[in-house]
Amino acid sequence: MRVQGAVALVTGANRGIGEALVRELLAMGAAKVYAGSRVAGSAVHLVEQGEGRVVEVALDVTQDEQVQQCAQRCHDVSLLINNAGLSRFGRRLIGSADLSGAIAEMDVNYFGPLRMCRAFAPVLKFNGGGAIVNILSAAALSNVPVLGTYSASKAAAYSMTQGVRSELADQGTFVSAIFVGSVDTRMAAAVKDAPKVTPHYTARATLLALQRREEEVDADPMTIDLRARLARDPKKLERFLARGLKAVPPTE
C-alpha cells in the first residue's frame, strides 16, 4: 500500500494522533485526506493548512446515518484509518455506578470502527482494494485495570480487526492493526508515571508499517515491552498491571 497518491479518510482527525496522521499523510504525498471529526469545524485548521488536499467531514462514528453519508460522499477513498477513540479512567468494570461508560467506550472503540469497515468495504473494493488501518492500544493485549472497560473495548476491536481482515481478503483489501502505548495526547493526560511518545512518532510509525504491509505493529517502546512481558509470563504481567488499581479510589 503506497501512501503517495492515496485518498485517505482519518476518523477523529481534529487533534492528537488523528491530526498527526493527517499531517503525515500530506507529508508522504497523499492526494487527498478526508479529516473526519465529530464536532463540525474542529478540523478547520487542517483544511486551511492542507493546500487544498484536506477536506473536513462531519463524522460521529457512533451514528449509523452519518457513517453511511460519509461513505457516499467519500467514494474515492483508498485508505481508511479508524483512529477515533474514547477512554474512561478508573474502577469502571465493577466500581462504576452503571454501565454507561463501558457502553460508550464499546460504541466508539469497537462498534465505531466496525461501522466504518462495513460502510467502506464496497468503496475500497471499487477503488481496487485499498487498505484499512485500525488504531488499537497496548491495553488490548492484556487488561489494564485502571482502564478496564477501555481495555475490553480495544480487545474486542483487535478481534474484530482479525475477522475483517479475513472477510475482506478476497477483495484485496489489506487490514492492519496498530498497537499504541502511552502517547502525549489529551486522552493520556491521566498517565503520569510513564514516558510518552509524540503523536507524530505514532503517525509516522503507522504509515511506514502500512507501506511495509505489516498486519500487526507495535508502534512504540511501551507496547514492545508489554508484548515481550506478555510472551514471557502473561500471569505475571496481569499481576503487574493490577498494581495500578491500588492508587485509584474504589468508587467514583
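The model is predicted: local features need pLDDT of at least 70, side-chain atom pairs count only at pLDDT 80 or more, and totals for chains, interfaces and linings use all residues. Residues are numbered from 1 along each chain as its sequence is written, and side-chain values use heavy atoms, leaving out hydrogens and water.

**Threonine 62**
- Threonine 62 sits in the loop between strand 3 (54-58) and helix 3 (64-73); helices (H or I, at least four residues) and strands (E, at least two) are DSSP runs, numbered from the N terminus.
- Threonine 62 counts as buried because its relative accessibility is 17% (buried is under 20% relative accessible area, exposed over 50%, partly exposed in between; 1.4 Å probe, protein chains only).
- Its side chain makes a polar contact of 2.7 Å with that of aspartate 60 and one of 3.2 Å with that of glutamine 63 (N or O atoms within 3.5 Å, one able to donate a hydrogen and the other to accept it; residues adjacent in sequence count only if both atoms are side-chain atoms).
- Not counting residues up to four places away in sequence, threonine 62 touches Asp107, Val108 and Arg115 (heavy atoms within 4.5 Å).

**Alanine 40**
- Alanine 40 lies in the loop between strand 2 (32-37) and helix 2 (44-49).
- At 66% relative accessibility, alanine 40 is exposed.
- Its C-alpha atom is 8.3 Å from that of glutamate 56, 16 residues apart along the chain.

**Second largest pocket**
- Helix 4 (100-126) and helix 5 (148-168) each supply at least two residues of the lining of the second largest pocket (a pocket is an open set of points on a 1 Å grid over the protein atoms alone where a 1.4 Å probe fits, with protein on both sides within 12 Å along at least five of seven lines; lining residues have an atom within 4 Å of a point).
- Helix 5 gives the most, with five residues.
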